Amino acid sequence: MRTARLRTVHPVLWAGWAALAAGAVLCVIGWYGISGERFAERQLPYLASCTVPGAALIIAGAVLLTHGRNALAAARVEELYGLLVAAEPADADESGQAVTAPVAVSGELLMVPGGTLWHRADCPLVAGKTDALPVDSRVLARGELAPCPICGPSASDVSSVG
């Protein structure tokens with residue numbers, strides 16, 4: 001899916017870069033031609049044949065690059081959405097509901113300085129972070145931190161914090 005969508009995006013990006021380059025070359029040629037002419041009536045052909053089309057190509061190239069980058073971003077979002085939708089639960093009970101295992105089960109609670117959530121130690125959001133600190137019960141009592149929605153530490157875990 002990804003390669004098919006990206007193959008349609010890359011030509012648009014290349015066309016945008018080519019239009020920008022061609023426009024810049026035409027503007028330089030037009031400037032060079034105009035700079036050598038003293039009278040305005042002799043400068044007009046350079047304006048009409050080089051500078052104005054060069055500026056139009058620069059604008060067209062910018063539009064093509066913007067469209068190509070937006071299409072590239074849309075392709076990536078579609079790919080991620082496809083991955084999310086395609087991910088089916090591995091095991092389900094007889095009612096068809098997915099049986100999900102907890103993300104984290106550790107009893108140790110951690111917080112990140114400047115953060116707004118408290119986590120279990122094996123939560124994917126704090127796992128491996130060297131700046132994660134043990135949760136202070138005074139901070140939790142004041143309500144400055146909320147429980148993490150991913151690992152879902154419970155109120156019973158708070159009572160074990162000293």
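This report describes the confidence, sheet, helices, cysteines and surface contacts of a predicted protein model.

## Confidence of the model

The structure is a predicted model, and its average pLDDT is 78. A score of at least 70 is reached by 76% of the residues.

Where pLDDT is low, predicted coordinates should not be read in detail.

## The four-strand sheet

The model contains an open sheet of 4 strands, arranged in the order β3-β1-β2-β4 with mixed pairing. Its edge strands are β3, at residues 133-134, and β4, each of which pairs on one side only.

Strand β1 (residues 109-111) and strand β2 (residues 117-120) are antiparallel partners joined over 3 bridges. Within this pairing, leucine 109 has arginine 120 of β2 as its bridge partner, and leucine 110 stands opposite histidine 119 in β2. The two strands form a hairpin, with 5 residues between them. In the turn, glycine 114 adopts a positive phi of about 85°.

The pairing of β2 with strand β4 (residues 146-147) is parallel and extends over 2 bridges. Here leucine 117 is located opposite alanine 146 of β4.

Helix α1 covers residues 2-35 and includes alanine 22. This alanine is partly exposed, because its relative accessibility is 33%, between the limits of 20% and 50%. The C-alpha atom of alanine 22 is separated by 7.8 Å from that of isoleucine 58, although the two residues are 36 residues apart along the chain.

Leucine 44 is placed in helix α2. Together with Leu47 and Val52, Leu44 makes a nonpolar surface patch of about 260 Å².

## Cysteines

A search of the whole structure returns 0 disulfides. Cysteine 50 accordingly takes part in none, and the nearest cysteine sulfur, belonging to cysteine 27, is 8.8 Å away. For a disulfide, the two sulfur atoms would have to be within 2.5 Å.

Cysteine 50 has a relative accessible area of 10% and is therefore buried, the cut-off being under 20%. Cysteine 123, at 0% relative accessibility, also counts as buried.

## Salt bridge

Side chains of opposite charge can pair when their charged atoms come close. In this model the count comes to 1 salt bridge. The side chains of glutamate 37 and arginine 42 meet in a salt bridge, with an N to O distance of 3.8 Å.

Glutamate 37 is partly exposed, because its relative accessibility is 23%. Arginine 42, by contrast, has a relative accessible area of 51% and is therefore exposed, as the threshold for that class is over 50%.

Conventions. Residues are numbered from 1 along each chain as its sequence is written. This is a predicted model: local features need pLDDT of at least 70, side-chain atom pairs count only at pLDDT 80 or more; totals for chains, interfaces and linings use all residues. Side-chain values use heavy atoms; hydrogens and water are left out. pLDDT is the predictor's confidence in each residue, from 0 to 100. Buried means under 20% relative accessible area, exposed over 50%, partly exposed in between (1.4 Å probe, protein chains only). Patches are made of residues with over 30% relative accessible area and no salt bridge: like charges are joined within 9 Å, nonpolar side chains (Val, Leu, Ile, Met, Phe, Trp, Tyr) within 5 Å. Accessible areas come from the Shrake-Rupley method with a 1.4 Å probe; for residues, only the protein chains shown count as cover. A salt bridge is a side-chain nitrogen of Lys or Arg within 4 Å of a carboxyl oxygen of Asp or Glu. Two strands pair if DSSP finds at least two bridges between them.
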